[in-house]
Amino acid sequence: MRKAFTLAEVLIVLAVIGVIAALTIPTLMAKWREQATVVQVKKVYSILNQAYGRIIAASGEDAIFQILNGTADQSIEGAQKLASAFSRYMVTAQANSVFELYEGIDLTGASMQIGANHEVIYLRDGTAVLFVAENATCNCSWGTGAYANVCAQIDVFLEPSKAPHYGINAFTFYLTQDGVIPMGGKGNERSYENGYCSKNGGSWPNGFGCAAWIIENGNMDYPD
């Protein structure tokens, strides 16, 4: 009666286990990282809307108009005022600072330079939240519905020590009269349906519409 495996049999089993691990672990790790990103994007989205709600509760329905009153379109002054207002209701780790110009990467990996007067605040987990004031009267139109009344753009960098890779570690939202909404949703000129979140190339800036995809679908299985 056989009592044990031979050394050769043990080595074969270990080799098979090694092959299976080599094939499955990278996939599992990628899925884990994707889910962590989805959770983080949704968390920041919630934090921004909670802060917006508290601003409105404290100062009234026209609070954003009051904050931006007298500022020029896309001015650093407007961005600073918005960042200051939001930071009062967000747990931050660092004082506000200015981002004037940065080089990013679109969803397909192509380089793109984006320049604007951004004011940035950092959350406790290291996430950078950048504000750029679009229009003091919140009538900057990027589509229909809520997208027709944009006050500001908010960029979220999950890994600010790295180049912002839109759709991967960088995601974009709008501040509107009705709250914070993800860029790329239905009615937005930069919707993922219009190619602004396409894995195989789409409309420039590709990746800007991925925030809406994540909020709506809960994954990063972006369309082709």
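The structure, a predicted model, holds four salt bridges.

**Salt bridges**

Aspartate 125 and lysine 43 bring their side chains together in one of these contacts, with a distance of 3.9 Å from N to O. This pair links distant parts of the chain, 82 residues apart: aspartate 125 belongs to the loop between strand S2 (111–123) and strand S3 (128–133), whereas lysine 43 belongs to helix H1. Aspartate 125 is partly exposed at 39% relative accessibility, and lysine 43 is likewise partly exposed at 44%.

Glutamate 77 is partly exposed, its relative accessible area being 37%, and lysine 81 is partly exposed at 33%.

Glutamate 159 pairs with lysine 162 in a further salt bridge, with 3.2 Å between the closest N and O atoms. Glutamate 159 has a relative accessible area of 33% and is partly exposed; lysine 162, at 49%, also counts as partly exposed.

**Disulfides and the remaining cysteine**

The model contains two disulfides. Their sulfur distances are tabulated below.

| Disulfide | S to S distance |
|---|---|
| Cysteine 138 – cysteine 151 | 2.0 Å |
| Cysteine 197 – cysteine 210 | 2.1 Å |

The link of cysteine 138 and cysteine 151 is right-handed, with 110 degrees about the S-S bond. Both cysteine 138 and cysteine 151 are buried.

The link of cysteine 197 and cysteine 210 is right-handed as well, with 105 degrees about the S-S bond. Here cysteine 197 lies in the loop between strand S6 (179–182) and helix H4 (210–217), and cysteine 210 lies in helix H4, 13 residues apart. Cysteine 197 is buried, with a relative accessible area of 0%, and cysteine 210 is buried with a value of 0%. With the bonded cysteines numbered in sequence order, the pairing reads 1-2, 3-4.

Cysteine 140 is buried at 18% relative accessible area. The closest cysteine sulfur to that of cysteine 140 belongs to cysteine 151 and is 9.4 Å away, too far for a bond.

**Nonpolar surface patch**

Phe5, Leu7, Val10, Leu11, Val13, Leu14 and Ile17 make a nonpolar surface patch of about 730 Å². Among them, valine 10 lies in helix H1 (residues 7–59) and is partly exposed, with a relative accessible area of 36%.

Conventions. Residues numbered from 1 in each chain as written. Predicted model: local features only at pLDDT ≥ 70, side-chain atom pairs only at ≥ 80, totals over all residues. Heavy atoms only, no water. Patch = residues over 30% accessible without salt bridge, like charges linked within 9 Å, V, L, I, M, F, W, Y side chains within 5 Å. Areas by Shrake-Rupley, 256 points an atom, 1.4 Å probe, with all protein chains shown as cover. Helix = DSSP H or I, 4+ residues; strand = E, 2+ residues; numbered from the N terminus. Buried < 20%, exposed > 50% of the residue type's maximum accessible area, 1.4 Å probe, protein only. Disulfide = S-S within 2.5 Å.
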